[in-house]
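Dear colleague,

I am passing on a structure for you to look through, and my notes on what was found in it follow below. Please keep the sequence and the 3D view open while you read.

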Amino acid sequence: MSFDRSVKIAPSILSADFANFGQEIQAIEAEGADWVHVDVMDGHFVPNLTFGPMAVKAFRPHVKTVMDVHLMIAPVDPYIEAYADAGADVLTAHIEAGPHIHRTLQAIRASGMKAGVALNPGTPAEAVAHLLDLTDLICVMTVNPGFGGQKFIDMTGKIIALRQMIGDRPVHIEIDGGVDPTTAPKVRAAGADVLVAGSAVFKGGSVDNTGVYGNNIRAIRAAANAA
Ligand code: DX5
Ligand code: ZN
């Protein structure tokens, strides 16, 4: 995985057809996805439940780009090795998920993955001030995590602050929640480079009609690049 700040579209398979993950992953990549975003929820840290390491391992052979695994679970540390074994390229933990995010990020890197830290809407940018050299990606949640299809919460000030704090460190800023062609330019202008989009990529399409995914991905990318 090389580092750059170009716009990367990361469709969230939370909005895919759960009976056809392999085909859905192949379709979004064929239609221009840069990364594949995998939302892991535990019914405890967030009120929803998705899939665990065995499912993520089954997705792996279908992902030719970057498998970006977003853990919405607590605790995180007992599962880090399982997600490394499942083949995650980036493993992101929430800062709110436990008292020892510093240790968690070290453990993720020690397991050979890129380490991400996610911030809920209520968590300030300053919370990562002492983590910048331990992290490869900061995920700014623009919804409260747990569900796809929620309304975008404007976090422009937080993104600008993070971009300034990061300076020239090779740290991605990822935006997750409510990203579509209307909101993408705002977050791009503020300094984001990885744009997660679930409903805005999958809406109107299906495994039998995957061209729609391509149109949706291009619309988000074009809007972001025009910012
Ligand atoms: C929310 C997840 C997101 C979600 C985004 O808890 O982390 O990745 O799938 O979905 P949309 O793009 O529909 O807001
Ligand atoms: Zn996510």
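**Notes on the ligand and its surroundings**

His-70 lies in strand E3, where strands (E, at least two residues) and helices (H or I, at least four) are DSSP runs numbered from the N terminus. Please note that this is a predicted model, in which local features need pLDDT of at least 70 and side-chain atom pairs count only at pLDDT 80 or more, while totals for chains, interfaces and linings use all residues. Residues are numbered from 1 along each chain as its sequence is written, chains are lettered from A and ligands numbered from 1 in the order in which they are written, and side-chain values use heavy atoms, with hydrogens and water left out.

Around ligand 1 there are 20 residues, of which Asp-39, Gly-146, Asp-176, Gly-198 and Ser-199 are the closest; a residue counts here if one of its heavy atoms lies within 4 Å of the molecule. By class, this shell holds eight nonpolar, 10 polar and two charged residues, where Ala, Val, Leu, Ile, Met, Phe, Trp, Tyr, Cys and Pro count as nonpolar, Asp, Glu, Lys and Arg as charged, and the others, Gly among them, as polar.

Several polar contacts (pairs of N or O atoms within 3.5 Å) can be listed. An oxygen atom of ligand 1 is 2.7 Å from an N or O atom in the side chain of Asp-39, and an oxygen atom of the ligand is likewise 2.7 Å from a polar backbone atom of Gly-146 and 2.7 Å from a polar backbone atom of Gly-198. Taken alone, ligand 1 exposes 390 Å², and the protein buries 100% of that, with areas from the Shrake-Rupley method and a 1.4 Å probe.

Strand E2 (36–41), strand E3 (67–72) and strand E8 (194–197) are the elements that give two or more residues to the shell around ligand 1, and the largest share, three residues, comes from E2. Asp-39 is found in that strand, E2.

Ligand 1 sits in the largest pocket, which is to say that more than half of its atoms lie within 2 Å of the pocket's grid points. A pocket is an open set of points, on a 1 Å grid over the protein atoms alone, where a 1.4 Å probe fits, with protein on both sides within 12 Å along at least five of seven lines, and lining residues have an atom within 4 Å of a point.

For "active site", an unreviewed UniProt entry lists Asp-39 and Asp-176, with the caution that annotations may be inferred rather than shown by experiment. Although spread over 138 residues of sequence, they cluster in space, with a largest C-alpha distance of 10.4 Å, and the lining of the largest pocket takes in Asp-39 and Asp-176.

A "binding site" annotation in the unreviewed UniProt entry covers His-37, Asp-39, His-70 and Asp-176. These are spread over 140 residues of sequence, yet their largest C-alpha distance is 10.4 Å, and the lining of the largest pocket includes Asp-39, His-70 and Asp-176.

Finally, the peptide bond from Ala-74 to Pro-75 is cis, with omega near 0°, whereas most peptide bonds are trans. Pro-75 has its place in the loop between E3 and helix H3 (80–85).

With best wishes

How values were computed:
A polar contact is a pair of N or O atoms within 3.5 Å; within protein, one must be able to donate a hydrogen and the other to accept it, and residues adjacent in sequence count only if both atoms are side-chain atoms.
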